[in-house]
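Work through the exercises below with the sequence and the model side by side. Try each task before reading its solution.

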Amino acid sequence: MQSNGSPAPPGRVPRPGRRATRTAGTETMRGSPVTREVGRTTRDLRRHNRTSVLTRLYLHGAASRFDLMKATGLSSATVSNVVTGLVADGLVAEAGLLDSDGGRPRTLLEVRPGYAQVVGVDIGETHVQVGLFDWTLDTVATATYPMDEGRPEPAVLAELVRAGIEEVTAKAGADPAALLGVGVGVPGAVLPDGVVHAPTLGWSDVPFDMLLRPHVPAPLHLDNCARTLGQAEMWRGAGRGAQRAIVGLLAVGVGAAVATGSPGGVTSTTSEWGHTVVEAGGALCRCGSHGCLEAYVGADAILERYGRLAGLPEVPSAGRGAGGGADTEARLAALVADAGRPGPAADTVRATAEYLGIGIANLINLLGPDRVILSGWVSAAMGPAMLPAVRDATRRHTLDYLRRHTVLELGRLGPEQVALGAATLPVHELLTAGGPLS
């Protein structure tokens, strides 16, 4: 056989096991492009099988090998081989026995929380919160840094991220360089090159990825915080089991993620829900338009309405671009505490609930989700007080046949919900890769 790719001499046949393939007049053998393509295909298949098994265990909990066969459609031999590899890699461990009808008990398998740790970062409008989680998203340590200015410098926030990673890993005695990754959620659009547009922070074309990388010793992931929060609610929160859930993030800004569940995982995309119009020619929004939902249910807008009703000194509005501040959360908490009796606070909560219900009804009428989840720190602060009124307003503005199939509830992820959402980014990458693949 000639080694330069020339055709073999007439009458000469390739040796058994060395298949020849004609491509554009050349002959290719083992070690050639065709063989490399076969190798890639085999590796891709192996990755797919590992991803299927690992994702099933991660999202749905402990299962036997037989359960994994039914859930993934893989053969018994393939599941056994995949499980053996995942156990050897430390991703999966045995979790006891499950009695079976008339047969031997089945061994249960589950993901190992101790396999890795991740950091999630919430770049909010009022604070920066950094959380350390095990890779199953149980909280290990958190650090929160209030922001004293409405439009913080990106470099200042990058430094806070560095300090937060250092603080939470020190609390847990963890090595920052050994983290599975660091996920960062920002209240704005993240372009593929890491450039961020975040109107609530006053950012336009900010290369935040480049600012962060020198401070982050582990793989860095950057995305919109509403999308990552939607993913977290589907994985670990109120969205579990939903086929299509809308997760609304209420803070100074307002966003939403549309999350779709499937046997293979979760797909989450963001929408500019806060900039859909709920009142023609209405209140000025920070985006420059009028009547946007955010101009009625964003934190600054709520406080401005309360100030007007209570005759308080004027506070900066979302339309004029205040963008938060260290005392915004405290002021909103005080408003909610005062809403239990008739007066401006109660009227503010009622008006907020009405506009929010209209915004939710628009989403239901457009998308027909089976679940709508209200998350974010404004939802946590005001949700229990206004949820009945929100449900009533939603009912009045939603088509009957769609409303009957939609559940409206509050998020369940706790105070570090947005940081936890950001932490799903490195975990999602690990699941997609099927873990380390040698």
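**Exercise 1. How many disulfides does the structure hold, and how far is the sulfur of Cys287 from the closest cysteine sulfur?**

Step 1. Count. The structure holds 0 disulfides.
Step 2. Take Cys287. Its closest cysteine sulfur is in Cys292, 3.7 Å away, too far for a bond. Cys292 is likewise in no disulfide.
Step 3. Buried means under 20% relative accessible area, exposed over 50%, and partly exposed in between (1.4 Å probe, protein chains only). Cys287, at 44%, is partly exposed. Cys292, at 1%, is buried.

Two notes before going on. This is a predicted model: local features need pLDDT of at least 70, side-chain atom pairs count only at pLDDT 80 or more, and totals for chains, interfaces and linings use all residues. Residues are numbered from 1 along each chain as its sequence is written, and side-chain values use heavy atoms, with hydrogens and water left out.

**Exercise 2. Find the aromatic pair formed by Tyr58 and Trp235, and say which parts it ties together.**

Step 1. Define a pair. Rings of Phe, Tyr and Trp (its six-membered ring) pair if their centres lie within 6.5 Å; planes under 30 degrees apart count as stacked, over 60 as edge-to-face and the rest as tilted.
Step 2. Search the whole structure. The search gives 5 aromatic pairs.
Step 3. Classify Tyr58 and Trp235. Their centres are 5.5 Å apart and their planes at 75°, an edge-to-face pair.
Step 4. Helices (H or I, at least four residues) and strands (E, at least two) are DSSP runs, numbered from the N terminus. Tyr58 lies in helix 1 (residues 33–60) and Trp235 in helix 6 (residues 225–236), so the pair links parts 177 residues apart in sequence.
Step 5. Check burial. Tyr58 is buried, with a relative accessible area of 2%. Trp235 is also buried, at 2%.
Step 6. Widen the view. Tyr58, Tyr115, Trp135 and Trp235 form one aromatic cluster.
Step 7. Look for a charge. One sits over a ring if NZ of Lys or CZ of Arg is within 6 Å of the ring centre and within 35 degrees of the ring normal. The charged end of Arg236 sits over the ring of Tyr58, 4.7 Å from its centre.

**Exercise 3. Describe the buried face of helix 9 and what covers it.**

Step 1. Recall a rule. An α-helix has 3.6 residues a turn, so residues three or four places apart point the same way.
Step 2. List the buried residues. In helix 9 (residues 328–338) they are Thr328, Leu332, Leu335 and Val336.
Step 3. Look down the axis. These buried residues fall within an arc of 95°, so they line one face of helix 9. The arc is that of the directions from the helix axis to the C-beta atoms.
Step 4. Turn to the other side. Ala330 and Ala337 are exposed there.
Step 5. Find the cover. It includes helix 8 (299–310), helix 10 (344–367) and helix 11 (377–397). Contact means heavy atoms within 4.5 Å.

**Exercise 4. In what order do the 3 strands of the open sheet run, and which are the edge strands?**

Step 1. Recall the bonding. Strands of a sheet pair through backbone hydrogen bonds, either parallel or antiparallel.
Step 2. Apply the cut-off: two strands pair if DSSP finds at least two bridges between them.
Step 3. Read the order. It is 3-5-4, with antiparallel pairing.
Step 4. Name the edges. Strand 3 (63–64) and strand 4 (92–98) each pair on one side only.
Step 5. Zoom in. Strand 3 and strand 5 (residues 106–111) pair over 2 bridges. Ala63 has Leu109 of strand 5 as its bridge partner.

**Exercise 5. Is Leu137 buried or exposed, and which is Asp205?**

Step 1. Locate Leu137. It lies in the loop between strand 7 (127–134) and strand 8 (139–146).
Step 2. Leu137 has a positive value of about 80° although it is not a glycine.
Step 3. Judge its accessibility. At 5%, Leu137 is buried.
Step 4. Locate Asp205. It is in strand 12 (residues 203–206), and its phi is positive too, near 55°.
Step 5. Judge again. Asp205 is exposed, with a relative accessible area of 51%.

How values were computed: Disulfide = S-S within 2.5 Å.
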